[in-house]
Amino acid sequence: MNYEIYKKTRNASWQCLVDCNITSLPISLSSVCRHFQIRIIQNSDLYENQLKDNERGRAVLLGNGAAIIVRDTDPIKDQRYTIAHEIGHILIGDSSSEYEAERFAMGILAPACVLWGLGIHDSESISELCDISLVSARIRAERMRLLYKREQEFLQKYGRSCFLQSKLEQQVYKQFEPFILKNK
């Protein structure tokens, strides 16, 4: 993994949360889509250009706007992840990789600094709080374990947390702070 790509997508997810003024979990993907004027279309409503059997969703251009086709027979938690993933493709750009879209989706659905602020560690809590599948929550929990380990190293070495080092991350945390204080 290229760290520059990681940083770009991490920052894009933070910027999305800031731009959309998201302040609580689970995030409202409909609010994000409204903000960026992205339509959500259920696959079952389409007669043409339906998703292929192996596709859960797809970002498309309709006229002069973007839309996301989502497989509405999937569980809601999977649909949420698919929509966030496709928002990532739209906001990062057509050339974005699957890794970038996956990273973006996780960044907006389960922001690490918010989970850290709440002291969340386990995948079940992440799944419930963020309204994502247990599979996605396990991936996020594994990343959080690494971040918590890094935080301990930072605290020992520098006397400060590794979280909230970026101004953008600080903005995200500040937006969520009332939610964090209420739910800690």
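This is a predicted model: local features need pLDDT of at least 70, side-chain atom pairs count only at pLDDT 80 or more; totals for chains, interfaces and linings use all residues.
Q: At what angle do α1 and α4 pack?
A: Axes are lines fitted to C-alpha atoms, for helices over the stretch in contact, and angles run from 0 to 180 degrees between N-to-C directions. Helices (H or I, at least four residues) and strands (E, at least two) are DSSP runs, numbered from the N terminus. Here α1 and α4 pack at about 40°, and their axes are 8 Å apart. That angle makes α1 oblique to α4; angles under 35 degrees count as roughly parallel, over 145 as roughly antiparallel, 65 to 115 as roughly perpendicular and the rest as oblique.

Q: Which residues in α1 and α4 meet?
A: Contact means heavy atoms within 4.5 Å. Among the residues that meet are Ile 5, Tyr 6, Thr 9 and Arg 10 in α1, with Tyr 99, Arg 103 and Phe 104 in α4. By class, this contact of α1 with α4 has eight nonpolar, three polar and four charged residues (Ala, Val, Leu, Ile, Met, Phe, Trp, Tyr, Cys and Pro count as nonpolar, Asp, Glu, Lys and Arg as charged, and the others, Gly among them, as polar).

Q: How do the axes of α3 and α4 cross?
A: The axes of α3 (residues 76–92) and α4 come within 8 Å and cross at roughly 120°, which means that α3 is oblique to α4. Residues of α3 in the contact include Tyr 81, His 85 and Ile 92, and those of α4 include Glu 98, Phe 104 and Met 106. The classes in the contact of α3 with α4 are eleven nonpolar, three polar and four charged residues.

Q: Which residues line the largest pocket closest to its centre?
A: Rolling a probe the size of a water molecule over the atoms shows where empty space is left. On a 1 Å grid over the protein atoms alone, with a 1.4 Å probe, a pocket is an open set of points with protein on both sides within 12 Å along at least five of seven lines, and lining residues have an atom within 4 Å of a point. The largest pocket has a volume of about 410 Å³ (the space filled by probe spheres set on the points, which are joined across faces, edges and corners). Of its 20 lining residues, Tyr 6, Arg 10, Trp 14, Arg 150 and Cys 162 are the closest to the centre. The elements giving two or more residues to the lining are α1 (3–19), α4 (98–109) and α7. Ten nonpolar, four polar and six charged residues make up the lining.

Q: Where are the cis peptide bond and the positive phi found?
A: Most residues other than glycine have a negative phi, and most peptide bonds are trans. In this model the bond from Leu 25 to Pro 26 is cis, with omega near -5°, and Pro 26 is in the loop between α1 and α2 (29–35). Gln 37 has a positive phi, near 55°, and lies in the loop between α2 and β1 (38–42).

Notes
Residues are numbered from 1 along each chain as its sequence is written. Side-chain values use heavy atoms; hydrogens and water are left out.
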